Amino acid sequence: MGAAGALGWWLLLLVPALPPACPCPPGARPCSPKYFGRDAMVCVCNATYCDTLDPVVLPTPGTYVKYESSKAGKRLERSQGSFQRSLHAPDLVLTLDTTQRYQKVKGFGGSVTDAAAINILSLPETAQDHLLRSYFSEEGLEYNLVRLPMASCDFSLHAYTYDDVPFDYELAHFSLRDEDTKLKIPLLHRALAMSKQPLSLYASPWTSPTWMKTSESFVGKGTLKGQAGDRYHKTWANYFVRFLDEYAKHNLTFWAVTAENEPSAGLINNYPFQCLGFTAEQQRDFIARDLGPALANSSHRDVQLIILDDNRLHLPHWAKVVLEDEEAARYVDGIGIHWYLDFIGPIQDTVVPTHELFPDYFILATEACIGAHFWERDVILGCWDRGNQYSHSILTNLNHFVAGWTDWNLALDLEGGPNWVKNYVDSPVIVDASEGIFYKQPMFYHMGHFSKFIPEGSQRVGLVASKESKKTDLEYTAFLRPDGAVVVVVLNRSLQNVTFGLADTVGLIAAMAPASSIQTYLWRRQ
């Protein structure tokens, strides 16, 4: 063998082998694992390889499919089994009760920030496609919600709005930026093209132009100048309409807008990045007098309006102030919540009373990420516990009337940015542009256990634990899909395997949730 031949063999030895063929259906491609310490595993994707899933196919009646991810290394691994008719039941049996009907699902997804778009587009084009397919296609997580900042946020390279020309009350100089036309809009079109269901886009502003603000600054404590009904407020309301107009010219229509991202942030002295302060009363008046009428009198009257878009700690007070006012309430469709202060605002004291007071308004989780608190590390590659935190939050929300859950940045770099104020955080997808690769983290697969199997229009139903064991390490939820199939998600954050039964009219599943795992079960009822 000549020198070139020997070199060829050496090169083959150096190239890491693709993962072995798995006992999975044709089409699905297994995770290409990489470890960052014991149990800290990501799945690596590049221009030539990325793990995929098969489209969901309902199992034949009398059987079920199970998808499992675990700290031990499974990633949405599919298996099948049969219902048993009457077998010795385990101590813990979860029984489906479809007479208990709760909220309908809007969906699951993530956010296309400037930073997310920059990271995705920093990859080779086929790797970009793998990343987008991983989130939006039938071979991926089938996200259907996409949140979009209206102009810049902290996850931008700089602060800007769509009309930074002072005192342009006519918005004559309003225009989208390169971040929209070259980054976010092309990615949205690609995502839409690979998604089998329509995507529901929703937009949130961080700041108005500085000339409309008391602070005359993008950052720090500041509200709109003047008061509701005046030209500052009217101009700011028209800015929303112009944003929707301009995106419509690019063939993108929105499901909803939020009235303001984290309106309480702009009431905090020295707030470090883009914000615009509103009290609940100020938001109520702005919606009643300006934003509500501006949307209603535009061609975007069907765009839904979401209030709060801030930590649930503000509930039920915020909802009461806005929705007990008839003028404001008639324009509002839903309430958005962020997860950052959940540990000091229990869901039973915030979301539940809000739903009971205002059952006709949906509640949607509009932002969450890990690494935002000063005591948290920004990016921890392969961290299973961060996936647990996502699933625990999603389950808690779904079990208390929340209609869906939106992650923050779809993709960030190894540092957790870019972010112009260095407010770095973690993301389910981390891009290493220098290598042309991206890592799918445990958070990514945890999201998929919900987003891929609980489509829009699914309704939460009862899942009742047998009397013997009200105390269990398992967290779970059940949904009836529009196609009549049942989905059950079971999370085991404990260090022990838990055996349990899943009972429905078709029989019993003898199940086991391994330590540190999440499972999704799917079956037909007839």
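**View 1. Cys-383 sits too far from any other cysteine sulfur to bond, at 14 Å from the closest one, in Cys-369.** For comparison, a disulfide here is a pair of cysteine sulfur atoms within 2.5 Å. Cys-383 is buried, with a relative accessible area of 17%; buried means under 20% relative accessible area, exposed over 50% and partly exposed in between, using a 1.4 Å probe and protein chains only. A note on the model: this is a prediction, where local features need pLDDT of at least 70, side-chain atom pairs count only at pLDDT 80 or more, and totals for chains, interfaces and linings use all residues. Residues are numbered from 1 along each chain as its sequence is written, and side-chain values use heavy atoms, with hydrogens and water left out.

**View 2. Cys-31 and Cys-43 are joined in one of the two disulfides of the structure.** Their sulfur atoms lie 2.1 Å apart, and the link is left-handed, with -105° about the S-S bond. The pair ties together distant parts of the chain, twelve residues apart: Cys-31 is in the loop between helix 1 (3-14) and strand 1 (33-35), while Cys-43 belongs to strand 2 (residues 41-45). Helices (H or I, at least four residues) and strands (E, at least two) are DSSP runs, numbered from the N terminus. How buried are the two ends? Cys-31 has a relative accessible area of 16%, and Cys-43 comes in at 0%, so both count as buried.

**View 3. Cys-45 and Cys-50 form a disulfide as well, with their sulfur atoms 2.1 Å apart.** This one is right-handed, because the torsion about its S-S bond is about 65°. Both Cys-45 and Cys-50 are buried.

**View 4. The largest cavity has a volume of about 60 Å³.** A cavity is a set of points on a 1 Å grid over the protein atoms alone where a 1.4 Å probe fits but cannot get out, and lining residues have an atom within 4 Å of a point. Grid points are joined across faces, edges and corners, and the volume is the space filled by probe spheres set on the points. The count is four cavities of 30 Å³ or more. Residues lining the largest cavity include Arg-312, His-338, Trp-339, Asp-342, Glu-367 and Trp-405. Strand 11 (334-338), strand 12 (362-367) and strand 13 (404-409) each give two or more residues to that lining.

Definitions and conventions:
On a 1 Å grid over the protein atoms alone, a cavity is a set of points where a 1.4 Å probe fits but cannot get out, and a pocket is an open set with protein on both sides within 12 Å along at least five of seven lines; lining residues have an atom within 4 Å of a point.
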